[in-house]
Amino acid sequence: MNKLQYLKNYFGYSTFRRGQEALIDGIISGEDALGIMPTGGGKSLCYQLPAIMLEGTAVVISPLISLMKDQVDSLVESGIEATFINSTLSQGDILERLEGMRNGAYRLVYVAPERLGTAYFTRGLQQCKVSLVAIDEAHCISQWGHDFRPSYQDIPRFLNQFEQRPPVAAFTATATPKVTEEILTLLELRQPVIQKTGFDRPNLFYKVAAPGNKFRYLEQYLSGKEADESGIIYCSTRKTVESVTAKLRDKGYSALGYHGGMDSAVRKSVQEDFMFDRVPLIVATNAFGMGIDKSDVRFVIHYNMPQNMEAYYQEAGRAGRDGLESECVLMYSASDIVSQKMLIENNMTSEDRRRMLNENLQYLINYCHSDNCLRYMITDYFGEAHERTSAGEKCGNCSTCLDESEKRDVTVEAQKILSCIYRTNQRFGMNLIIRVLRGSSEKRVLQFGLDKQTTYGIMKDASPGEIREIIMSLIAEGYLRMTTDTYPVLKLLGPARSVLKGERKITVKVERLKRGKSKEAKKRKHKVKAIGFENVDYDEKLFEKLSGMRGQIASEKGLPSYTVFHNAALLEMSALYPTTEEEFLKIGGVGQKKLENYGGLFMDEVKKHLSAQGIDETVRLEKRKMIEAQIEKAIENAPDDTSASNLSEKPKNEPMSERISTTYSIYKEGHSIKQIAQKRGFTTGTIIKHLVKAHEKELTVDWKLLIDEDKCKCIFEAIEVVGLESLKRIKDLVPEDIDYDAIRIAIEIYKQDSL
């Protein structure tokens, strides 16, 4: 039979797909080969067909046990002798299958890369006739690839053991030009036939979304689908998998969860239920999917942002393998970015690889923020310009190209941002640049003399969220880059010059700017309430006025704002309306010196506000009395996450001032938070609150001695994303070994260092 007859008889096809025939002809002729083909592009056929045409047994190196079994079952079903050798087998079973290879019982044998280093396997293989060596997921050999596996580095040594080296064929769906070059070099492929069939999947619709409530968005999306449509929902953590699965099942959806922490038998059962159409929805970590040969997956949703474009392309590519229209939706949030960066920082690898991982993540971040065609951004990442979209035309099959939402010209704002970065010598990160543009008196701004820059305060009317969205757009469109060093710094790129000269116009979707503004407004509101007075009413207008006055005083004195008054003090002022020296001295954080320096100014502002609002003295005193009771109750009943076994010993009748004083005295003796809690009969959370109040009364508390520096840094990164409004949201972003007490302490340090 010729190759077309083999193709029809064993695989049921009459023609080859693009790129297949050239690779097959090369391998049959004894040449090495490299096939870079998208998921569903027919890579397996390129080595399976030569394996049944050549004399001997083909060795297929594959990274996943589940893939091996599926491939072998499919081959046997088609009448092709095949087997696998991996860790699921006993040594006796392995020796039996090696004996079968020596006797020519198999056309293909799938092996895990870890098996290549075992002596009995390599000795047994030397007695067999190997027709070819096929390497699946070949990108795993490259340390620059997204899925580097050290075991793949044993492959070159394995190949060199052959007295007469058989043809070597490598295949992957995800390889950038740099990874491709490393595959060729490390595997020492000899004048290989190379086929790159393109990374574009025309049948896939790509969409990016940044919903405020991810689960609600998911629920709305699924409501428009048929109940039996197969789909995969990828989540970044096991915890999220379990949570989303439970919520979907509560809503009546037929869904199962899958992650690496589950028992292997359970994982196998879940996988089979999905493959055999017993369950349409799988919620999974990236442990699920590689090599899952289910052709009718109609949608793949990323509930969280993956680590890079290669991982996203591979996972999203599991949709529509049958060539029919399918959808790929990527949901993202700022917390996703922080989570991925934390994973990279904790990656036990070289500094160069961490830098590479950060660069790859940044490209995916750009993908989420860009107004360019999503299809073009994917192909461009892999070094392949898309014919239509590279010329600026719309592909017509991605959310960006179909988006007709209103855009706003932000060229002037972009020029201000670029100018600020240039004038500060391209030395700072996004957060500090935003603070300079808004005229912040934050400690570091003053420390570096950035308040003297001509760009200081030129965007004071813009919210941090709006400025952040414009900066992210400038990064995504190639006008800026963010370095991947220890401290991310904004750098200008060549095209930025044309924006500064007014030769290019910058536009951003109005929806994104509004989203940035509304998020910031919500963050500011909660930042005030998060200090410990969640259930206390306060006058928001007065708070803003007092906050503005504080900022002005701090700026004039060259001091950080918190050295004038903490937010907690302003909150009490805006709730209690102090108009006498006696009342002002009762405010937390106000001592005699603060009264002398600022009391008159702040009390005058309170009086002006009362007059403008028509609040007379009788009403003021009534409100004051009511608020004092609320504050006392809030402090008494504030919830703690930690419970103490001896709460019954809590001295309930002890006045609050005495509680704080007693706790502080024990603290000054050098006891830990836990020891103080045991001595006092309070929870550790309450002890921390006592120390907060003591600090506000200008008693010295060295918070930094109460927390590990690395934990504090990790918490700061989370705070930069979600703010101070919710301990739980911060807890969700940090490693599990960081408890709520550590978060509370870090918040106090954060408020002192950069209010």
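Tutor: A residue is called buried when its relative accessible area is under 20%, exposed when it is over 50%, and partly exposed in between, using a 1.4 Å probe and protein chains only. The model is a predicted one, so local features are used only at pLDDT of at least 70 and side-chain atom pairs only at pLDDT 80 or more, while totals for chains, interfaces and linings take in all residues. Residues are numbered from 1 along each chain as its sequence is written, and side-chain values rest on heavy atoms, without hydrogens or water.

The part to look at is T172, which belongs to strand 6. Helices (H or I, at least four residues) and strands (E, at least two) are runs assigned by DSSP and numbered from the N terminus. T172 has 0% relative accessibility and therefore counts as buried.

Its side chain makes a polar contact of 2.8 Å with the side chain of H139. A polar contact is a pair of N or O atoms within 3.5 Å; within protein, one atom must be able to donate a hydrogen and the other to accept it, and residues adjacent in sequence count only if both atoms are side-chain atoms. A polar atom of the T172 side chain also lies 3.1 Å from the backbone nitrogen of T174. Contact in general means heavy atoms within 4.5 Å. Leaving out residues up to four places away in sequence, T172 touches G35, I36, M37, K43, A138, H139 and I183.

Apart from neighbours within four places in sequence, T176 is in contact with E310, Y381 and F382.

Two strands pair if DSSP finds at least two bridges between them. The sheet is open and has seven strands in the order 3-4-2-5-6-1-7, with parallel pairing. Strand 3 (82-85) and strand 7 (193-196) are the edge strands, each pairing on one side only. From one strand to the next, the twist averages 15 degrees.

Strand 6 pairs with strand 5 in the parallel sense over three bridges, and V168 in strand 6 is the bridge partner of V133. Helix 2 (residues 20-28) packs on the sheet and touches strand 1 (33-36), strand 5, strand 6 and strand 7, and its direction makes about 165 degrees with that of strand 7. Helix 8 packs on the sheet as well, touching strand 1, strand 6 and strand 7, with its direction at about 160 degrees to that of strand 1. For such angles, axes are lines fitted to C-alpha atoms, for helices over the stretch in contact, and the angles run from 0 to 180 degrees between N-to-C directions.

On the other side of this pairing, V133 in strand 5 stands opposite V59. Strand 2 (residues 57-61) and strand 5 (residues 130-135) pair in the parallel sense over five bridges. Strand 2 also pairs with strand 4 (residues 108-111), again in the parallel sense, over four bridges, and L108 in strand 4 is the bridge partner of A58. Both faces of strand 2 are covered, with T57, V59 and I61 buried on one side and A58 and V60 buried on the other.
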